[in-house]
Amino acid sequence: MDFRLLPGGKLIGEVRVPGDKSISHRAIMLGALAEGVTRVRGLLEGEDVLATRAAFESMGVSFNSAAGELTIQGAGLHGLRKPAVPLDLGNSGTAMRLLAGLLAGQAFATQLSGDQSLRRRPMGRVITPLQAMGAKIESAAGGRPPLAISANRDLRGIHYPLPVASAQVKSCVLLAGLYAQGATSVVEPSPVRDHTERMLRGFGYALERDAEGVISLQGGGRLRACDIDVPADISSAAFFMAGASIAPGSDLLLTHVGINPTRAGVINILRAMGADITILKSREMGGEPVADIRVRYAGLHGIEIPPGQVPLAIDEFPALLVAAACAEGRTVLRGARELRVKESDRIAATAEGLAALNAPAQVLEDGIVIDGLGNEGRFDGGEINSHQDHRIAMAFSMAALRARDNIAIRDAEMVATSFPGFDTLAEGLGLRISSSS
């Protein structure tokens, strides 16, 4: 499927984007391992999350969807059954890395695989700490999927300083720690999203963070079912935040958005660039901070993105960099090597897309330098290769708001992994978008 976009337009209206993907994955996983019935509202029903659900169904967990609510009949920490076939996780790196931790301590062997894109992504960063805990894991060349995880009920807790700021690695180690003997602890080099810790506490599992930032838990506990209300995904809202910031006349209200401080980098960075963003009706639901976000057009200016904000906005950079290309002056991103091992090399894919639209960018080993077109500047029309990356496709859709000619985005079908119905919703807000097979 391709996206075809006419130039110009503005974003006006009120919208609630789909549920948070990170929280949705974790709600299914912990609900499946809890004792009792967990009820989840607002779950993202994108392909990535559905792959996680299907994996647990293959391991004997019962789910029921009705009236906008997912009911999970938990199997308990030791109630999963050996799946009859390898678990196909589609395009979801989150599912594979977190499931590797959960399955490393099971009494049965499993194999984790996925689509062509996922099989190119490195898994060594979770294999290394899991093997240090005593897990037996085999992978394809270069630590890539598929992963073969042997039966093992003898995991041991470890203390693991994360070599990179990665919520997926942190979560993998902590989830393996549920099955380990003794204490398991991790140390972050800088703060990353903390949905796993918040949700573990919500399911009644004791977890501590000391004054030095060491996060630890003891193995052998229990998870107790609870109710979860999944907020709208700030990563999905980010495309519209960037689009409204660069399109004159835009005035957009994004409702019920999760504004967890470990995910708020996109707000902080856009504000530093001069964006007009107002946070309304701040509240807490299910342990997660939530708010409505109003975004109006404002002329942006380039900045050097603060290093501390990089891990807090790692998934939002495709949208942020398209916005930076519309700003006055230069934007510099460094310390973002993680972007090279996402669904695509997002640094290279973004630079390639900007070049196709005649916007200058310089690729760095760990980032990118963008000289903005200015607040009156316009992208040329052109054709964008999404590299089958949902975030690249959605980010460059917003570029059409500041283009002088048509934009075509190839291979946009992967948008359904995180944002089903994106094109229809975006069209309703004013983006001139259509899709074709």
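**Entry 1: helix H1 and its neighbours**

I began with helix H1 (residues 21-33) and helix H6 (residues 195-202), which pack at an angle of about 35 degrees with their axes 10 Å apart. I note here that the model is predicted. I looked up the hand of the crossing of H1 and H6, and the crossing is right-handed. On the H1 side I listed Ser22, Ile23, Arg26, Ala27 and Leu30, and these meet His195, Thr196, Met199 and Leu200 in H6. Sorted by class, the contact of H1 with H6 holds 5 nonpolar, 3 polar and 1 charged residues.

I then turned to helix H3 (residues 93-103). Its axis and that of H1 come within 11 Å, and the two cross at roughly 25 degrees. Angles under 35 degrees count as roughly parallel, and H1 and H3 are therefore roughly parallel to each other. H1 passes H3 in a right-handed crossing. From H1, the contact takes His25, Arg26, Met29 and Leu33; from H3, it takes Thr94, Ala95, Leu98, Leu99 and Leu102. I wrote down 6 nonpolar, 2 polar and 1 charged residues for the contact of H1 with H3.

I marked Arg26, as this residue of H1 is listed in the contact with H6 and also in the contact with H3.

**Entry 2: helices H7 and H11**

How do the axes of H7 and H11 cross? I found that helix H7 (residues 234-246) and helix H11 (residues 390-399) have axes that come within 9 Å and cross at roughly 20 degrees. That angle makes H7 roughly parallel to H11. The crossing of H7 and H11 is right-handed. H7 brings Ser235, Phe239, Phe240, Gly243 and Ile246 to the contact, and H11 brings Arg391, Met394, Ala395 and Met398. The residues of the contact of H7 with H11 divide into 6 nonpolar, 2 polar and 1 charged.

**Entry 3: the sheet of 3 strands**

I looked up an open sheet of 3 strands and wrote its order as E18-E20-E19, with antiparallel pairing. Which strands are at the edge? They are strand E18 (330-333) and strand E19 (361-364), and each pairs on one side only. From one strand to the next, the twist averages 10 degrees.

Next I went through the pairs. E18 and strand E20 (residues 367-371) run antiparallel to each other and share 4 bridges. E19 and E20 also pair in the antiparallel sense, over 4 bridges. A hairpin of 2 residues joins E19 to E20. I followed Ile368 of E20: it is the bridge partner of Leu333, and Val363 stands opposite Ile368 as well.

I also checked what covers this sheet. Helix H10 (residues 346-356) lies across E19 and E20, and it runs at about 165 degrees to E19.

**Entry 4: the sheet of 4 strands**

An open sheet of 4 strands came next, in the order E2-E15-E17-E16 and with mixed pairing. Its edge strands are strand E2 (12-15) and E16, each of which pairs on one side only. On average, neighbouring strands of this sheet are turned by 15 degrees against each other, direction ignored. E16 and strand E17 (residues 288-296) pair in the antiparallel sense over 8 bridges. Within that pair, I noted Ile293 in E17 as the bridge partner of Ile279. Helix H12 (residues 422-429) packs on the sheet and touches E2 and strand E15 (251-258); the direction of H12 makes about 135 degrees with that of E2.

I stopped at Lys281, which lies in strand E16 (residues 276-285).

**Entry 5: single residues**

I looked for a cis peptide bond and found one joining Pro145 and Pro146, with omega about 5 degrees. Pro146 is found in strand E9 (residues 144-149).

My last stop was Glu69, in strand E5 (residues 69-73). Leaving out residues up to four places away in sequence, Glu69 touches Arg39, Val40, Arg41 and Asn64. With Arg41, the side chain of Glu69 makes a polar contact of 3.3 Å.

Methods:
Residues are numbered from 1 along each chain as its sequence is written. This is a predicted model: local features need pLDDT of at least 70, side-chain atom pairs count only at pLDDT 80 or more; totals for chains, interfaces and linings use all residues. Side-chain values use heavy atoms; hydrogens and water are left out. Axes are lines fitted to C-alpha atoms, for helices over the stretch in contact, and angles run from 0 to 180 degrees between N-to-C directions. Angles under 35 degrees count as roughly parallel, over 145 as roughly antiparallel, 65 to 115 as roughly perpendicular and the rest as oblique. A crossing is left-handed if the near helix is turned anticlockwise from the far one by less than a right angle, and right-handed if clockwise. Contact means heavy atoms within 4.5 Å. Ala, Val, Leu, Ile, Met, Phe, Trp, Tyr, Cys and Pro count as nonpolar, Asp, Glu, Lys and Arg as charged, and the others, Gly among them, as polar. A polar contact is a pair of N or O atoms within 3.5 Å; within protein, one must be able to donate a hydrogen and the other to accept it, and residues adjacent in sequence count only if both atoms are side-chain atoms. Two strands pair if DSSP finds at least two bridges between them.
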